[in-house]
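Please look over the sequence and the model before turning to the points below.

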Amino acid sequence: MKIWKIIGIFLLLIGLAIGILFFAGNNRGLTAFHNPLDGERSQSLKYIEQNTINFLEDIRFKDFDKAASYHTQADQEKVDIPYLIERLFEIKPEMLDIMRYEITSVELDRSGLRGRVKTHTVAKCLNTDEIKNVDIIYYWMKDPQEGWCMKLESSLHAPSSSK
């Protein structure tokens, strides 16, 4: 009788562990139990996360032409990334040193066609040595012809309380 109690507890613990893994956030649970369409969803999440990191790196190294390439063809020609950075950080881009950034969350809407990536960026103003902590949400849309594209005009806005 004692062995059955041990086996029962063991099975209960295994079931609990599987449940925790399955319900872990950000679509990172056991993929074997997910809908097959979640593979595409997972790829989309990884894509917009990685390209947000690439975008931030381009901004950090002042490669504004490369940073514009994450947008639709139409937006690439009219987007003024230095102006948007200046508006967000309240400093000229050449005086801004992005020290570090991190992705705090990545999500897609139910359709899988819109995404957003929340980030936390720490930057130094070179002329004043002031450190700014800015939380930014980057918005992405899946264009039928061009694939995933950033919507920078709506992305580089931060609440005034985040400075």
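A residue is called buried when its relative accessible area is under 20%. Cys 149, with a relative accessible area of 4%, is therefore buried. The model described here is predicted.

- Four strands form an open sheet in the order β1-β2-β3-β4, and their pairing is antiparallel.
- At the edges lie β1 (96-108) and β4 (147-150), each of which pairs on one side only.
- On average, neighbouring strands of this sheet are turned by 25° against each other, with direction ignored.
- Strand β2 (residues 114-125) and strand β3 (residues 131-143) run antiparallel and are joined by 11 bridges.
- His 120 has Asp 135, in β3, as its bridge partner.

**Helix α5 and its packing**

- Helix α5 packs on the sheet, where it touches β1, β2 and β3.
- The direction of α5 makes about 135° with that of β3.
- Within α5 (residues 81-89), the buried residues include Ile 81, Leu 84, Ile 85, Leu 88 and Phe 89.
- These five residues lie on the same side of α5, because they cover an arc of only 115° around the axis.

**Lys 118 in strand β2**

- Lys 118 is found in strand β2.
- With 29% relative accessibility, Lys 118 counts as partly exposed, a class that lies between buried, under 20%, and exposed, over 50%.
- Leaving aside residues up to four places away in sequence, Lys 118 touches Glu 102, Ile 103, Thr 104, Ser 105, Glu 107, Ile 136 and Ile 137.
- Lys 118 and Tyr 138 are 20 residues apart along the chain, and their C-alpha atoms are separated by 6.4 Å.

**Cysteines**

- Cys 125 has a relative accessible area of 2% and is buried, as is Cys 149 at 4%.
- A disulfide would require a pair of cysteine sulfur atoms within 2.5 Å, and by this rule the count comes to 0 disulfides.

Conventions:
Residues are numbered from 1 along each chain as its sequence is written. This is a predicted model: local features need pLDDT of at least 70, side-chain atom pairs count only at pLDDT 80 or more; totals for chains, interfaces and linings use all residues. Side-chain values use heavy atoms; hydrogens and water are left out. Buried means under 20% relative accessible area, exposed over 50%, partly exposed in between (1.4 Å probe, protein chains only). Helices (H or I, at least four residues) and strands (E, at least two) are DSSP runs, numbered from the N terminus. The arc is that of the directions from the helix axis to the C-beta atoms. Two strands pair if DSSP finds at least two bridges between them. Axes are lines fitted to C-alpha atoms, for helices over the stretch in contact, and angles run from 0 to 180 degrees between N-to-C directions. Contact means heavy atoms within 4.5 Å.
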